[in-house]
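Subject: Structure handed over, with notes

Hello,

Here is the structure you will be working with. Please look at it first, then read the notes below it.

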Amino acid sequence: MDRYPVPNEDSPAGILDSRAEALLIDALIVALVCGILGYGGGTIILGSSLGGLGGLILGLQFLAPVVLFVYQILFEGYYGQTIGKRARGIVVVKDDGSRCTWVAATLRNLLRVVDILPLFYLIGIGTAYLSSKHQRVGDHAARTIVVSTDE
């Protein structure tokens, strides 16, 4: 993965579908990793004496949200995009066109909790549709936008 792809700042329109698809890809990657950890020896990490299916369920239920949160911050802070965003050809940048910072990546992902409420991303989707640059609550607070890449 390149350190940081070249953003196309003229492209925030029409990004919402790509963002949703990228999140799905990222969630599947994290679920797979957490499922493996929960199903196998990872039950020790979780402090569970359950094995097999019980470990898999615990891995997905408790470990996956934390891993997804950290994964998104690390990848967006370093690369400007997660694996899912790269697959969909989108990148997170500051609203002035500069690279996404670690602070911005952390803030936009911390506020994902607000975006998710009251139902699955209802506030985030609504905010993005009402914003001219398709920014969800976390993007507004972190002053970031998601645009396509020139690659």
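A residue is called buried when its relative accessible area is under 20%, exposed when the area is over 50%, and partly exposed in between, using a 1.4 Å probe and protein chains only. By that rule Arg88 is partly exposed, with a relative accessible area of 35%. Of the 151 residues of the chain, 42% count as buried.

Some notes on the source. This is a predicted model, in which local features need pLDDT of at least 70 and side-chain atom pairs count only at pLDDT 80 or more, while totals for chains, interfaces and linings use all residues. Residues are numbered from 1 along each chain as its sequence is written, and side-chain values use heavy atoms, with hydrogens and water left out.

Overall layout

The chain has 8 helices and 3 strands. Both kinds of element are DSSP runs numbered from the N terminus: helices are H or I with at least four residues, and strands are E with at least two. Read from the N terminus, the order of elements is β-α-α-α-α-β-α-α-α-α-β.

The 3 strands form an open sheet in the order 1-3-2, with antiparallel pairing. Strand 1 (7–8) and strand 2 (90–94) stand at the edges with a single partner strand each, so one side of each has no neighbour in the sheet. Two strands count as paired if DSSP finds at least two bridges between them. Strand 2 and strand 3 (residues 144–149) run antiparallel and are joined by 5 bridges. Val92 has Val146 in strand 3 as its bridge partner.

Salt bridges

A salt bridge here is a side-chain nitrogen of Lys or Arg within 4 Å of a carboxyl oxygen of Asp or Glu. The structure holds 7 salt bridges.

Which residues does Asp139 pair with? One is Arg19, with the closest N and O atoms 2.7 Å apart. This pair links distant parts of the chain, since Asp139 is in helix 8 (residues 137–142) and Arg19 is in helix 1 (residues 16–39), 120 residues apart. Asp139 counts as buried because its relative accessibility is 0%, and Arg19 counts as buried at 12%. The other is Arg108, where the closest N and O atoms are also 2.7 Å apart. Arg108 lies in helix 5 (residues 102–110), 31 residues from Asp139 in helix 8. Both Arg108 and Asp139 are buried. Salt bridges link Arg19, Glu76, Lys85, Arg108 and Asp139 in a network.

Glu21 forms a salt bridge with Arg88, and their closest N and O atoms are 2.5 Å apart. Glu21 is in helix 1 and Arg88 is in helix 4 (residues 83–88), 67 residues apart, so this pair links distant parts of the chain. Glu21 is partly exposed, with a relative accessible area of 35%.

Nonpolar cores and contacts

A nonpolar core is a set of buried Ala, Val, Leu, Ile, Met, Phe, Trp, Tyr and Cys residues joined through side-chain atoms within 4.5 Å. The largest has 14 residues, and those with the most contacts inside it include Tyr4, Ile90, Val91 and Val146. Strand 2, helix 5 and strand 3 each supply at least two residues of this core. The largest share, 4 residues, comes from strand 2. A second, separate core has 6 residues, among them Cys34, Leu63, Ala64 and Leu68.

Contact means heavy atoms within 4.5 Å. Of the contacts in the chain with a separation of 6 or more, 70% are between residues 24 or more positions apart.

Gln72 is in helix 3 (residues 52–78). Gln72 counts as buried, at 2% relative accessibility. Leaving aside neighbours within four places in sequence, Gln72 is in contact with Leu23, Gly77, Thr82, Asn109 and Arg112.
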